[in-house]
Amino acid sequence: QMCIRDRYQRRVRDSLHTTKSSQVKPNPRHKPKPKPVDKKKMRKTQEIEKSALIFDIKPFDAETDMKRMEECVRSIEQPGLLWGTSQLKPIGFGLTKLVIGAVIVDDLVSVDELQDQISAFEDYVQSVDIHSFSKI
């Protein structure tokens, strides 16, 4: 009575000792079938996931130079980041906020790091909020 391991070892040993004449030759007309392609995997590798963001950036006070604040925000450059249109919207009490759009590549740009970079302009920026976030 042979155990499974012994049978496997015997089969491997026998396959190593076969001669070329005893081996089966492939049919030259027979073409190997191509492996099926998983369309979902192809789509994932080809698509670059992007997100569209709109930031609400609030200034410190009414005297903050909003044009300069926008220039500082747009000075942030990195691969996968594209700044869009911007506009100034009144908040109240003489304050206006900067509303600016951006498109990011999800694998290259971190939203949290981008918010931190904008907040780093302490002379101009009081707070940064995400007004909208959507996948493209």
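The model is a predicted one, in which local features need pLDDT of at least 70 and side-chain atom pairs count only at pLDDT 80 or more, whereas totals for chains, interfaces and linings use all residues. Residues are numbered from 1 along each chain as its sequence is written, and side-chain values use heavy atoms, with hydrogens and water left out.

**The strands**

Helices (H or I, at least four residues) and strands (E, at least two) are taken as DSSP runs and numbered from the N terminus. A residue is called buried under 20% relative accessible area, exposed over 50%, and partly exposed in between, with a 1.4 Å probe and protein chains only. Strand β3, residues 95-105, is largely enclosed by the rest of the structure, because 8 of its 11 residues are buried.

Two strands count as paired if DSSP finds at least two bridges between them. Strand β1 (residues 50-59) pairs with β3 in the antiparallel sense over 8 bridges, and within this pairing L53 has A102 of β3 as its bridge partner. Strand β2 (residues 81-92) also runs antiparallel to β3, to which it is joined by 9 bridges, and here S86 has I100 as its bridge partner in β3. The hairpin of β2 and β3 has 2 residues between the strands, and in it F93 takes a positive phi near 55°.

Contact here means heavy atoms within 4.5 Å. Helix α3, residues 66-74, includes E70, which counts as buried at 16% relative accessibility. Apart from neighbours within four places in sequence, E70 is in contact with S86 and L98. M66 also has its place in helix α3 and is buried, with a relative accessible area of 9%. Not counting residues up to four places away in sequence, M66 touches P59, L88, T96, K97 and L98. M66 and V125 are 59 residues apart in sequence, while their C-alpha atoms are 9.6 Å apart in space.

In helix α4, residues 111-119, the buried residues are V111, L114, Q115 and I118. They lie on the same side of α4, because they cover an arc of only 100° around the axis, the arc being that of the directions from the helix axis to the C-beta atoms. On the other side of α4, D112 and D116 are exposed. The buried residues of α4 pack against β1, α3, β2, β3 and β4 (125-135).

**Salt bridges**

A salt bridge is defined as a side-chain nitrogen of Lys or Arg within 4 Å of a carboxyl oxygen of Asp or Glu, and by this rule the count comes to 5 salt bridges.

K135 is exposed, with a relative accessible area of 55%.

K97 counts as buried at 18% relative accessibility, and D56 is buried with a relative accessible area of 8%.

E71 and R68, by contrast, both lie in helix α3, 3 residues apart, about one turn of the helix. E71 is partly exposed, with a relative accessible area of 48%, and R68 is partly exposed, with a relative accessible area of 37%.
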